[in-house]
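Good morning, everyone. Please look at the sequence and the structure on the screen while I talk.

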Amino acid sequence: APDPLNPPEAASRGKRKPGRPSKYSRDYCQVVINLGEQGYSKAQMARTIGVTRETLDKWAVASREFSDALKQSRDLALGWWEDQGSLDAQWNGFGL
């Protein structure tokens with residue numbers, strides 16, 4: 001049976017199904033990169049933006065630009081934590 005809330009003619013016009021509108025904004029690409037530079041995890045990024053980690057994953061599937069930004073943020077965060085470990089090792093006399 002046809003869905004009365006989402007008739008076929010609405011789908012052909014590119015209408016979304018009813019529900020909460022996405023909070024996604026292209027601005028979040030730069031936000032996650034900036035947070036990655038500070039060592040934030042995906043969970044911390046999601047909390048800062050006000051969504052769940054699963055929402056970030058959905059945005060990454062829907063937007064190549066966001067997917068690339070999220071991957072870049074993960075690498076930046078990893079680098080930040082590696083820098084922290086190196087600094088800590090030097091401070092504690094390991095002389096790396």
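This is a predicted model: local features need pLDDT of at least 70, side-chain atom pairs count only at pLDDT 80 or more; totals for chains, interfaces and linings use all residues.

Residues are numbered from 1 along each chain as its sequence is written, and side-chain values use heavy atoms, with hydrogens and water left out.

Start with the overall layout. The protein has 5 helices and 0 strands. Along the sequence, the pattern reads α-α-α-α-α. Helices here are DSSP runs of H or I with at least four residues, strands are runs of E with at least two, and both are numbered from the N terminus.

How much of the protein counts as buried? Of its 96 residues, 25% do. Buried means under 20% relative accessible area, exposed means over 50%, and partly exposed is in between, using a 1.4 Å probe and protein chains only.

In soluble globular proteins, nonpolar side chains tend to be buried together.

Take Phe66. Set aside its neighbours within four places in sequence. Phe66 is then in contact (heavy atoms within 4.5 Å) with Tyr24, Tyr28, Cys29, Val32, Leu56, Trp59 and Ala60.

Next, one helix pair. Two packed helices are described by the angle between their axes and the distance between the axes. The axes of H2 and H3 come within 10 Å and cross at roughly 130°. Axes are lines fitted to C-alpha atoms, for helices over the stretch in contact, and angles run from 0 to 180 degrees between N-to-C directions. H2 and H3 are therefore oblique to each other. The cut-offs: under 35 degrees is roughly parallel, over 145 roughly antiparallel, 65 to 115 roughly perpendicular, and the rest oblique. Where do they touch? Tyr28, Val31, Val32, Leu35 and Gly36 in H2 meet Met45, Thr48 and Ile49 in H3.

Last, charges. Side chains of opposite charge can pair when their charged atoms come close. A salt bridge is a side-chain nitrogen of Lys or Arg within 4 Å of a carboxyl oxygen of Asp or Glu. How many are there by this rule? The count is 3.

One joins Glu65 and Arg26, at 2.8 Å from N to O. Glu65 lies in H5 and Arg26 in the loop between H1 (8–12) and H2, so the pair ties together parts 39 residues apart in sequence. Glu65 is partly exposed at 36%, and Arg26 is exposed at 57%.

Another joins Asp57 and Lys42, with the closest N and O atoms 2.6 Å apart. Asp57 is in H4 and Lys42 in H3, so this pair ties together parts 15 residues apart in sequence.

Then there is Asp68 with Arg64, at 3.6 Å from N to O. Both lie in H5, 4 residues apart, about one turn of the helix. Asp68 is partly exposed at 35%, while Arg64 is exposed at 67%.
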